[in-house]
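Please look over the fold and packing of this chain. The report below goes from strand pairing to helix contacts and single residues.

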Amino acid sequence: QNSAQIIREAHERQQRREPVWMAIDRAALSSRLLDHPDAALETEVVNSYEPDYRLIVFGEGTNLVSFCTVAQASGMTTTAYSSDQESIGVLAQKGIEGHHIHRQSQFDALAIDEFTGIVTLFHEHEWESAILHAALNSDADYIGALGSHATHSRRLQMLATLPATKRSADCIHGPVGLDIGATNPAEIAISVLSEITAHRRGKIR
């Protein structure tokens, strides 16, 4: 592969949201793309490039706007889904993509990859069933849902009545976020993003 071919293929992999592993042989002044990092030779150094981490956030009102604003500022590509058109409008002014949903909305698990986190921030938790069911059938890296311990217990009971999913509902982080005593939307956003970061760095499951 010449340099132009390597760059083109690396770009195509990134467009498909696939990781890129580039092996560089400094002695031979050559480079190549790998299908897996373990395929490198002893003389090669491997540079890894993962797709941008993406957050898909469901909710409404101040919690949604605050969370998406902080998440986007932290460098995560953030997309919001809400029944609240006003919140979508506020996020649009901040340059954050938003989509309107309703109770009958269908969610495609195939569109959620291993470099994606899912967060639900609803106070009306009946919205959650279709969203969390799709998330549990996906390759999502992280799934978190707002609510108290009692709410999360009821959530798990509700999910147990639905068709079986690829993953157990036990993988849902609930109550979502690290326990920092958060009491307002901005603090909740910091709490949740801290938990997502700790999860990505392998500090928590």
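Which residue stands opposite Tyr-142 in E8? Gly-117 does.

## Basis of the model

This is a predicted model, in which local features need pLDDT of at least 70, side-chain atom pairs count only at pLDDT 80 or more, and totals for chains, interfaces and linings use all residues. Residues are numbered from 1 along each chain as its sequence is written, and side-chain values use heavy atoms, with hydrogens and water left out.

## Overall layout

The chain holds 6 helices and 8 strands. Both are DSSP runs numbered from the N terminus: helices are H or I with at least four residues, strands are E with at least two. Along the sequence the pattern reads α-β-β-β-β-α-β-α-β-β-α-β-α-α.

Taken along the principal axes, the C-alpha atoms fill a box of roughly 60 × 40 × 35 Å. The chain has 205 residues, and 40% of them count as buried. Buried means under 20% relative accessible area, exposed over 50%, and partly exposed in between, with a 1.4 Å probe and protein chains only. Contact means heavy atoms within 4.5 Å. Among contacts with a separation of 6 or more, residues 24 or more positions apart account for 57%.

## The E2-E1-E3 sheet

An open sheet is built from 3 strands in the order E2-E1-E3, with antiparallel pairing. Strands E2 (30-34) and E3 (45-49) stand at the edges; each has a single partner strand, so one side of each is left without a neighbour in the sheet. From one strand to the next, the twist averages 25°.

Strand E1 (residues 20-25) runs antiparallel to E3, and 5 bridges join them. Two strands pair if DSSP finds at least two bridges between them. Ile-24 has Val-45 in E3 as its bridge partner. Helix H1 (residues 3-15) packs on this sheet and touches E1, E2 and E3. The direction of H1 makes about 25° with that of E2. Such angles run from 0 to 180 degrees between N-to-C directions; axes are lines fitted to C-alpha atoms, for helices over the stretch in contact.

## Strands E7 and E8

Strand E7 (residues 116-121) runs parallel to E8, and 4 bridges join the two. In strand E8 (residues 142-145), Tyr-142 and Gly-144 point one way. Ile-143 and Ala-145 point the other way, and all four are buried.

## Helices H4 and H5

The axes of H4 (residues 128-136) and H5 (residues 149-160) come within 11 Å and cross at roughly 70°. That makes H4 roughly perpendicular to H5. Angles of 65 to 115 degrees count as roughly perpendicular, under 35 as roughly parallel, over 145 as roughly antiparallel, and the rest as oblique.

From H4, Glu-128, Ser-129, Leu-132, His-133 and Leu-136 meet Arg-155, Met-158 and Leu-159 of H5.

## Two buried residues

Arg-54 is found in strand E4 (residues 54-59). Arg-54 counts as buried, at 18% relative accessibility. A polar atom of the Arg-54 side chain lies 3.0 Å from the backbone oxygen of Ala-111. Leaving aside neighbours within four places in sequence, Arg-54 is in contact with residues including Arg-17, Thr-77, Asp-113 and Phe-115.

Ile-88 lies in helix H3 (residues 85-93). Ile-88 is also buried, at 11% relative accessibility. Not counting residues up to four places away in sequence, Ile-88 touches Ser-82, Gly-98, His-99 and His-100. The C-alpha atoms of Ile-88 and Val-65 are separated by 8.3 Å, and the two residues are 23 apart along the chain.

Technical notes. A polar contact is a pair of N or O atoms within 3.5 Å; within protein, one must be able to donate a hydrogen and the other to accept it, and residues adjacent in sequence count only if both atoms are side-chain atoms.
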